Amino acid sequence: MNLDFNEDQEILRSSAKNFLEKECPKDLVREIEESKEGYSPEIWNKMIELGWTGIAFPEDYGGYGGDFMNLIVLMEEMGRNIIPSPFFSTVVLSGLTILEGGTEEQKKEYLEKIAVGEIIMSLALYEPNGSYNASGITVSATPKDDGYVINGTKMFVNDANIADYLLVVARTEDSDNPEEGVTIFLVEAKASGITCNKVPTMGLDNSCEVIFDNVSIPKANILGEAGKAWEVIQKSSEKAIMAKCAEMVGGAQASLDMTNAYAKERVQYKQPIGKFQVIQHYLADMMIKVGTSRNILYEVSWMVGQNIPCAMKVSAAKSWINEAYKFITERGVQIHGGIGTTRECDIGLYYRRAKTAELILGDTGHHLENIAQEIGL
Amino acid sequence: MDFSFTPEQEKLKKEFEEFFITEMKKAPPTYETGGLEAMFGSDVGWEFHLYMARELGKKGWLAMAWPEKYGGKDASVIDQVIFSEVRGYYGGPGVDIFGIGIVAPTLLVAASEKQREKFLPPIAKGELMYCQGWSEPNAGSDLASLSTTAVKDEDDYIINGQKIWTSGAHRADWMFILVRTNLEEKRSKGLTYLLLDMKAPGITVRPIEAMDGLHMFNEVFFDDVRVPIANRIGEENKGWEVTRQSMNFERSSIGIFSENQKTIEDLVRFVKETKRDGKPLAENQVIRNKLAELAAETEVGRAMAYNIAWMQEKGGLFLAASAASAAKVFGTELAQRLVYVGADILGQYSQVKESKWAPFHGKFETNYQNCMGLNIAGGTSEIQRNLVAWIGLGLPR
Ligand SMILES: Cc1cc2nc3c(=O)[nH]c(=O)nc-3n(C[C@H](O)[C@H](O)[C@H](O)COP(=O)(O)OP(=O)(O)OC[C@H]3O[C@@H](n4cnc5c(N)ncnc54)[C@H](O)[C@@H]3O)c2cc1C
């Protein structure tokens, strides 16, 4: 056993930390959040220059080949220092799905484009019915001529408004088992028949509604094999979930750190509020939650990276970290008092993001149900 | 023992209900989200609040508990609680939580006859709105350490300093303020209670954006602001005692519980109408338990509120101070849990702001962000628990 990161990973962590602190101060985050594009092309280009967009892919596909833990390190830093960018949509959600389910040709073409920063992509998975399960996939792709015609609405698609391509998860066949007959299509985001509307959300994270009205797609744009996509989604989701968890743990640590610092500096009744025992206990609980979150994050991420089956542990990690991050930011606001409830105070940014992050790739209720099934209930 | 209302109270309750059912049909959509944000956050919201205030003033329901001499009805605390319960359920504005809630009760115990005659009628008629100038950047929980000063000059006090978190200062006509008049005294002994006109020269109101971006509270700066000595309530340097006497307003927190009840009813309707994965959410055992638990807690809260009202009715608030703190903590933290459970139920839709996609006009999205404020405003949950421990249990400070 060796529970340490290697030297390269430590270097990656500190350089990412320095870059993000310098390039993306919180006032800028709030400014970017409010903008129409919801990201800063300038910072995105710098991230590409740093090679971050290639971090998750093997060298054969234009990436840097490093192990999965590199992505975890990077995501953790991007959570600590929030940066509104299409990284998660493009590299994690779309890139890892293509890596999992794409044909050799598709991997070569699209992963390389992602790695060099040529394209922004997003995964159009969920729908207005709000389900996280296969039964929620109702957008239809009907065979016509030499291709398919897509109809229906996708919801909460992050960064669709700035994407070049979408991976659209659609139903090509009705079947008693909803996990069968699901297919992923590579679709140009600006193709005719597609309407994209930005949905205003608490996380201000470029969440979009994407409507497909008779969108024609050639057969060649099927990612991998038709009808077998749900397995692909489940597999690549495990990685994406752990990457999201890493971001959340980074955010939780930042929330603890800023609250701890505030408790030491804010004076009421002639003493730092951190001297009141109730505040100490809140902070102690917050620290326990961050620590345990990080422990399970690393273990399960390592397993996922090694392709060791661990569906139950993935759900354990996401459900635990969902609740931990919400708890830590909620107590963080409370300890900050009045200032904590304002838009200008950073803890509120993390409080909002904690809720949004919970909703990505399965909320706590969803993952607890997964666990229940995995443990034999 | 008898937990029932009198026939008169039953009749009154019906009247309140009919009033709010009719009037709330005219409410702008901002009232779907409830809270102070609905009132202070938009012009239409504020206009509706003013309209309702005047309507309630005409009915005499704002000043219900005041002595008849000042235009009131000498109503019992229980009558008031019935009113607040109904109003909370329908989410009706119109009651200035500061003017009606705090200033008037203060004037009734601590002001001169002349001051009462001058300041009470416009409050009773719903014509004048107040804001609360207490907190400062360095004096929050430790309010007694505040440092905004007032220095006497002929017939006036001259105020310099800064207040913060002043809810609705950008809308209010007047402010009640605590200022330091004895500079030697660092704590509660040197404070004075004044009423001032927000249009006085030297006042600057600067907005503070709440977490969700709404304009609810403000910073207020005082640069040589003159306030007539005649506007001082109680004696100079006795402001702290004045605020403590005025704690004798209705503090049952009943409105939180009836508002909760309405929200639970709305959520029940939502889970019956909404299918996820082929089944109505109402069949989900976890959701059923969570809503049932909240409904139980809301009943507990209501019983608690009426008990406090009864204590107040009998003996004034000093008897019930720790119970009022307990109800505040219990109520606001319950309201927060309800928002969180509502958000869980709405799932991905809980994050959607007011828009065509948002259930309940985005109520859960805004409330997710401002429910924390309830645990902080008006004395934080930690301070309330300290009071319960000290006053209620006699634990050492
Ligand atoms: C939505 C909202 C509306 C408001 N409206 C108004 C208004 O209209 N007018 C007005 O004057 N003020 C208003 N306030 C201010 C409010 O009264 C203060 O925020 C509150 O008293 C806390 O003060 P603070 O923010 O300075 O926090 P602090 O006092 O700095 O508290 C920070 C943390 O330390 C804790 N703490 C402090 N002292 C102790 C202690 N002795 N023991 C244990 N824990 C302690 C607190 O509980 C809190 O968790 C409003 C606040 C909010 C959030």
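Good morning. A helix, as the word is used here, is a DSSP run of at least four residues, and helices are numbered from the N terminus. The model before us is a predicted one.

I begin with the ligand. With helices numbered in this way, helix 12 of chain B supplies the largest share of the shell around the ligand, three residues. Which other elements each supply at least two residues of that shell? They are helix 8 (277-305) and helix 9 (311-336) of chain A, and strand 7 (215-228) of chain B. In total, 30 residues surround the ligand, and among the closest are R266(A), S141(B) and E382(B). Because these surrounding residues come from chains A and B, the site is shared between chains. The shell divides into 14 nonpolar, 14 polar and two charged residues.

Let us turn to individual contacts. A polar backbone atom of Q334(A) is 2.7 Å from an oxygen atom of the ligand. On the side of chain B, a nitrogen atom of the ligand lies 2.8 Å from a backbone N or O atom of Q132(B). The protein buries 93% of the 970 Å² that the ligand exposes when taken alone.

My second topic is the aromatic rings. Over all chains, 28 aromatic pairs are found. In one of them, the ring centres of F19(B) and W61(B) are 5.4 Å apart and the planes stand at 85 degrees, so the pair is edge-to-face. F19(B) lies in helix 1 and W61(B) in the loop between helix 3 and helix 4 of chain B, so the pair ties together parts 42 residues apart in sequence. Are these two residues buried or exposed? F19(B) is buried, at 7% relative accessible area, and W61(B) is buried at 4%. Both belong to one aromatic cluster, together with F16(B), F20(B) and F83(B).

Thank you.

Conventions: Residues are numbered from 1 along each chain as its sequence is written. Chains are lettered from A and ligands numbered from 1 in the order in which they are written. This is a predicted model: local features need pLDDT of at least 70, side-chain atom pairs count only at pLDDT 80 or more; totals for chains, interfaces and linings use all residues. Side-chain values use heavy atoms; hydrogens and water are left out. Rings of Phe, Tyr and Trp (its six-membered ring) pair if their centres lie within 6.5 Å; planes under 30 degrees apart count as stacked, over 60 as edge-to-face and the rest as tilted. Buried means under 20% relative accessible area, exposed over 50%, partly exposed in between (1.4 Å probe, protein chains only). A residue is near a molecule or strand if one of its heavy atoms lies within 4 Å of it. A polar contact is a pair of N or O atoms within 3.5 Å; within protein, one must be able to donate a hydrogen and the other to accept it, and residues adjacent in sequence count only if both atoms are side-chain atoms. Accessible areas come from the Shrake-Rupley method with a 1.4 Å probe; for residues, only the protein chains shown count as cover. Ala, Val, Leu, Ile, Met, Phe, Trp, Tyr, Cys and Pro count as nonpolar, Asp, Glu, Lys and Arg as charged, and the others, Gly among them, as polar.
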